[in-house]
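Welcome, and thanks for taking a look at this one. Here is a short tour, arranged by topic, to read with the structure in view.

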Amino acid sequence: MKTGGKLMKLAISDEGFIFDPETGNSYTTNPTGLLILRMLKEGKGEEEIVKALTEEFGAEEEEARRDLYDFLEQLRAYGLVEGV
Amino acid sequence: MIRVAVSGINAVDNPGPGVGIAKGIRESGLEVEIYGLAYDSMDPGIYMKWLFSRSFIMPYPSEGEEVFLQRLLYIKHNYGLDVLVSALDAELPLLIKAADRLQTYGIRTFLPTYEQFKLRAKDRLPEVAERIGVKVPETRVVSSYEELVKATNDLGFPVMVKGIFYKAKKAYNVGEATAHFNEIVSEWGYPVIVQKVVQGEEMNVVGLGDGEGGHYGLVAIKKLWITSLGKIWTGVTVHNENLLKATERFVGEFKWRGGFEFECIVSGEDIYLIEINPRFPAWVYFSAGVGVNLPARLLKAALGLDVERDWDYEAGKLYVRYTDDLVADMAMFQSIVLKGEV
C-alpha cells in the first residue's frame, strides 16, 4: 500500500501516541489504529492488514476492511498519508 | 570572572527575553556574574537574585546615546562589565550605532548591523522573502481609512491588521478592521499593514548568526498554546526541513549576526514569512534546554571564544512556561527606587 514518506517520519509509541516531528502535531489512537499504522509503516498491503485485524481482534473480514478504510480516510484528512 | 549585563528582564505577561538569556548563560559552564538592566523598579528580574547578582535601572534609549553609555560606563567602573547582551528592540539602534565605542571601552556585544536590524520592518518582509525563496501572505500597506477598506476588499476577510513593528490583530469585517486600524495608529502610528490570513502551522525558529553567512545553531518550534497577547505558553520542538533550510538561506543571504527569531506559517510545502525579530525571543531558554545553548554561544561569540556549531536537537521536546512568585525585602525595592541599583 503506497502511503507517502510522511508516515515513515511519525514517532509512534506502544501506547498509541503519535507525534509528527515536521508539524509538531500529536494524535492518539486505539490498538486497532496502532496495528494498522505499524503495518502501513512496514509496507504491508490491504489484504495482509485485513487478515491481521480479523486474527488479532476477532473481527469479521467485511467489518475489518471497513474499519481499515475509515481509518485511512482519517489519516488522509490529517495529512498523514497521501494517495492510498 | 566574566561580567555580563542582560536587558529585557521584565518577566511579565508580555515577557522580555532577559530571564531566559540569563538562565542559558548560567548553564554555559563559564564563570560568570550576570547583571540585570531594568527600566522599571518592578521588573521581576531585579528580584531574581539567583540569576542577576546586581540590577540597574537604565535611562530610556530615547534619552540618547550619551546618557545610556554613561550609565553602562558607571556600571563598568564600579562593578566591572565585559559583555552586554541586549534583548530589546528599542535598545538595538542605539547599541548598534555605539557598538564600536563600547568595544573601545572594553564592553563587547554581538549585534546585527543596522541594515540587518531594519529588515524587521514588516514592509520589508516581501523583499526578504523573495531573496530567500519563501512566500509572504498577500499584503497591503495602508495609511488611511479609504486605503484600509480598499485593502480588505482586495484581500477578503479575515485579515490581519498589524503595526509596522508591533501588534497584530485579526479582523472578520470592516468594523473590526477599522477598530484595529485606529488602535494601532494611535499607539504606533502609520503605516498599517493589512495581510491575508494564511492557514497553516505557526512555527518559529530561534537562531544565532555568525555574521559571515553561517550560524551557531537553530531550533525550530511549533506554538501549541498562546496567551491572549499571542505569547507562547507551551510549544514543541519540530524538525521541519523546509523551514530550517529557509532559515539557513536567510542567515546566509543576509549574513545575519547575532540572535534572531524567524516567524513563519508552514502550510504543506509552503513557508510564509510573518516576522523577523532582530534578537532572541522570550522563549530562548528552550534552546538551552534541548542542548543548543544559544545565549551561552552568543556570550562566547561576543568574547571571541570558540563557539559550538552543533544543533542536533530532538524533535518532540516540550516547552512549558509557568507562573511563579517570590518574596523580597522592602530594602531591595527601596534601593532600586532611591539608588537605581540593587
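Which strands and helices cover the buried residues of helix 1 of chain B? The cover includes strand 1 (2-6), strand 2 (32-38), strand 4 (83-85), helix 9 (285-289) and helix 10 (294-303) of chain B. Please keep in mind that this is a predicted model.

**Helix 1 of chain B**

- Helix 1 of chain B runs over residues 18-26 and is mostly covered, with seven of its nine residues buried.
- Those buried positions are G18(B), V19(B), G20(B), I21(B), A22(B), G24(B) and I25(B).

**Helix 6 of chain B**

- Helix 6 of chain B (residues 145-155) has L148(B), A151(B) and T152(B) as buried residues. They sit on the same side of the helix, because they cover an arc of only 95 degrees around its axis.
- The buried residues of helix 6 of chain B are covered by elements of chain B including strand 5 (139-142), strand 6 (159-163), helix 7 (174-188) and strand 8 (192-196).
- Just after helix 6 of chain B comes G156(B), which takes a positive phi of about 80 degrees.

**Domains of chain B**

- The assignment for chain B lists domain 1 (2-110 + 325-338), domain 2 (117-121 + 199-320) and domain 3 (138-196).
- Taken over C-alpha atoms, the centres of domain 1 of chain B and domain 3 of chain B are 35 Å apart.

**Nonpolar cores**

- The largest nonpolar core has 86 residues, and V4(B), V6(B), V85(B), V219(B), C264(B) and L273(B) touch the most other members.
- Helix 10 of chain B gives the most to this core, with six residues.
- Domain 1 (2-110 + 325-338) and domain 2 (117-121 + 199-320) of chain B each supply at least three residues to this core.
- Another core lies apart from it, made of 14 residues, among them L10(A), L53(A), F71(A) and L72(A).
- Leaving aside neighbours within four places in sequence, L273(B) is in contact with L125(B), V128(B), A129(B), V134(B), V136(B) and C264(B).

**A closer look at I96(B)**

- I96(B) lies in helix 3 (residues 92-104) of chain B. This residue counts as buried because 21 other C-beta atoms lie within 10 Å, and the cut-off is 20 or more.
- Leaving aside neighbours within four places in sequence, I96(B) is in contact with L111(B), P112(B), T113(B), Y114(B) and F117(B).
- I96(B) and F286(B) are 190 residues apart along the chain, and 26 Å separate their C-alpha atoms.

**Chain A**

- Chain A has four helices and three strands, which follow the pattern α-β-β-β-α-α-α along the sequence.
- The radius of gyration of chain A is 12 Å, close to the 12 Å that the globule rule gives for 84 residues, so chain A is as compact as a globular protein of that length.
- The C-alpha trace of chain A spans about 35 × 25 × 20 Å along its principal axes.
- Of the 84 residues in chain A, 21% are buried.
- Among contacts in chain A with a separation of 6 or more, 41% join residues 24 or more positions apart.

**Where the chains touch**

- Six residues from chain A and nine residues from chain B form the contact.
- On the side of chain A that touches chain B, three residues are nonpolar, two are polar and one is charged.

Methods:
Residues are numbered from 1 along each chain as its sequence is written. Chains are lettered from A and ligands numbered from 1 in the order in which they are written. This is a predicted model: local features need pLDDT of at least 70, side-chain atom pairs count only at pLDDT 80 or more; totals for chains, interfaces and linings use all residues. Two residues are in contact if their C-beta atoms, placed from the backbone, lie within 7 Å. Ala, Val, Leu, Ile, Met, Phe, Trp, Tyr, Cys and Pro count as nonpolar, Asp, Glu, Lys and Arg as charged, and the others, Gly among them, as polar. Domain bounds come from an automatic or database domain assignment. A residue is buried if 20 or more other C-beta atoms lie within 10 Å of its own, exposed if 12 or fewer, and partly exposed in between; C-beta atoms are placed from the backbone. Helices (H or I, at least four residues) and strands (E, at least two) are DSSP runs, numbered from the N terminus. The arc is that of the directions from the helix axis to the C-beta atoms. A nonpolar core is a set of buried Ala, Val, Leu, Ile, Met, Phe, Trp, Tyr and Cys residues joined through C-beta atoms within 7 Å. The radius of gyration is taken over C-alpha atoms; the globule rule is 2.2 Å times the number of residues to the power 0.38.
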